Number of protein chains: 2
Amino acid sequence: MSTNDYFQSYEDLEIHKLMLADSERNRAYKDAIISNKAEFSGKAVLDVGAGTGILSIFCAQAGAKIVYAVEASEVYKIAEESVKENNIQDVVKVIHSKVEDVNLPEKVDIIVSEWMGFYLLHEAMLDSVIVARDRFLKPDGLMFPETATLYSTPCSVPSMYDFWENVNGVSMTHLGMKLREQASQKPVTEIVKPESILADPEVVIWMDLREVTLEDLDSIEMRHVAIANKKGKYQGICLWFTCTFPSKFTEPVSLSTEPDEPPTHWKQTTIVLPSSIGVEEGTPMAYDLALKKSQDNSRRYTIEVTMLDPSEVEHSEYCLCHMTKCILVRAMLEKYEKDDVEMMGDK
Amino acid sequence: MSTNDYFQSYEDLEIHKLMLADSERNRAYKDAIISNKAEFSGKAVLDVGAGTGILSIFCAQAGAKIVYAVEASEVYKIAEESVKENNIQDVVKVIHSKVEDVNLPEKVDIIVSEWMGFYLLHEAMLDSVIVARDRFLKPDGLMFPETATLYSTPCSVPSMYDFWENVNGVSMTHLGMKLREQASQKPVTEIVKPESILADPEVVIWMDLREVTLEDLDSIEMRHVAIANKKGKYQGICLWFTCTFPSKFTEPVSLSTEPDEPPTHWKQTTIVLPSSIGVEEGTPMAYDLALKKSQDNSRRYTIEVTMLDPSEVEHSEYCLCHMTKCILVRAMLEKYEKDDVEMMGDK
């Protein structure tokens, strides 16, 4: 069989090359699995969307009794060969199937899966992981990863704004505007430098993978009243995610795609705003963010950002922004605290 | 008119973004043009494939009387806006046309163009530049760039070989082999580290852009008997190019995509060999390289590499390889030189 028959396109294998070259991704899964040898030893494992098989092989290295490596695409053939060349064909069973259609001879103790897409949910296969969990995971079975958290916060996007003001001495702001128009149709997947982040992030969704349901994923909404922690240009909303793994007997292992951490192939995802807004330290920036599953393609989400007037939304009780109402609340809280301390001193 | 009508695809503008973010590319053209103000002042210039217009604007900044910015794609609209926002609409005339179909009111003193593709010639528009030159350039007119040179030399390709031997403790050599099979259909565009280069490069083609003809580009062939300058793994043939600009009155400016230089969006192009060959310092590595224009698509080339047995091809007179015949020739040459010196000493 020729290479051309193996895969739909040149790009199919390139994507796997890109993922396997992501050493942060590999390291996190390997650390999480190998440090949990006590949990894997002698156990049955299901790898949902096994791809080239690397996670299944980690599980075998950690002492699993059997690993069901389920992969729907033609790349399952690579997984079969990977398993053979690592001499663990007695442990890892590669199964060419959608996990929704597969029949396993037993329930499993652990499910491992690398299902995360751009901004966690893009073209993601979390639905399949949930179906697999509900069909095949024993009660009290473990999920690798165990939790996933999506964050958002305001940021600068120099590649879409400032860069175009002076390209080697040439003003190209019209092109910048056109690029932003296109970006409004499709969020930007680009490395965001830590210094471009303008405020503490807020959680968009936190998921316990042992419990999250398909319904939980239909529509995800959050409101963020962010407070600028420095002077800057508010030009976009940056999204990233972190995952944690079970750590009952081990140091916690996490996989983080936040701007402060080493880069991954997920980079960060940025929703670019139509115009740049100057902010000072303490300026409130308020928005609603909604991720909704497409009606016509359940693998896709539409992302909606609604800019809000910070004076018309409720701020947190301890808001540090520079708006009068929050300054007054802070002053009152400080006074109460002082009174409390004085009252305690009086006793 | 909506964004969607402007461009065929999201990718159209992304490519221009990528090119304009290539600061080495911009810098080379800007330096070459601005340092040649004496040549541009009061002159007529043609920009072939003007894209977003940046080169045309550099020419206006250098004092050109008029710049004809010819662009066939819809991106000409971006060029028009760029020209307006830099207030040089009196100098730069954006023309939406193929250069083959355009009529200019005069011959020009200078042609500028950024026509180089991956490995110089891929999907390149040099043909159009040659047609434009023959139709519109005055005798003794200048070409920016003036020369282009394509080089090749043996290299290691760790991303296609060594990497797959140990991916976080997992052997994935079968996947490596599949990736190499795919790479045999399509050369790899990737940054090659200087330490992966195994021998001095050889010129594949050197072009004087004032004289090169369409026929010169139909078929390009070279033979290289390269000598390993260190121990290593011979796994591919690396291609890169350099361009130079007119420098009658200035320091020479060049644009180089060689591995030793800062990276550009062209990166390097590597033809991956089907197997890895260990070499020692002094090992000869011989190959024929041919670039042939496709019959069915004159914008594309097929690249053929033929590995040669170094013992069956002619080595250079001064070859430093470790083959017996070259060691003997070197010994003889050294003896002659010594004899010459002694004879001169005898005089």
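Q: Is Trp164(A) buried or exposed in this structure?
A: A residue counts as buried under 20% relative accessible area, as exposed over 50%, and as partly exposed in between (1.4 Å probe, protein chains only). Trp164(A), with a relative accessible area of 1%, is therefore buried, whereas Phe163(A), at 30%, counts as partly exposed. The model is predicted, so local features need pLDDT of at least 70 and side-chain atom pairs pLDDT 80 or more, while totals for chains, interfaces and linings use all residues. Residues are numbered from 1 along each chain as its sequence is written, chains are lettered from A and ligands numbered from 1 in the order written, and side-chain values use heavy atoms, without hydrogens or water.

Q: How many aromatic pairs are there over all chains?
A: Rings of Phe, Tyr and Trp (its six-membered ring) pair if their centres lie within 6.5 Å, and planes under 30 degrees apart are stacked, over 60 edge-to-face, and the rest tilted. The count over all chains comes to twelve. Among them, Phe163(A) and Trp164(A) are edge-to-face, at 4.8 Å centre to centre with 90° between the planes.

Q: Which parts of chain B does the pair of Tyr29(B) and Phe245(B) tie together?
A: This pair has its ring centres 5.1 Å apart and its planes at 75°, so it is edge-to-face. Tyr29(B) lies in helix 3 (residues 23-34) and Phe245(B) in the loop between strand 10 (232-244) and strand 11 (254-256), so the pair ties together parts 216 residues apart in sequence; helices (H or I, at least four residues) and strands (E, at least two) are DSSP runs, numbered from the N terminus. Tyr29(B) is buried at 0% relative accessible area, and Phe245(B) is buried at 2%.

Q: Which residues form one aromatic cluster in chain A?
A: Tyr29(A), Phe40(A), Phe144(A) and Phe245(A) form that cluster.
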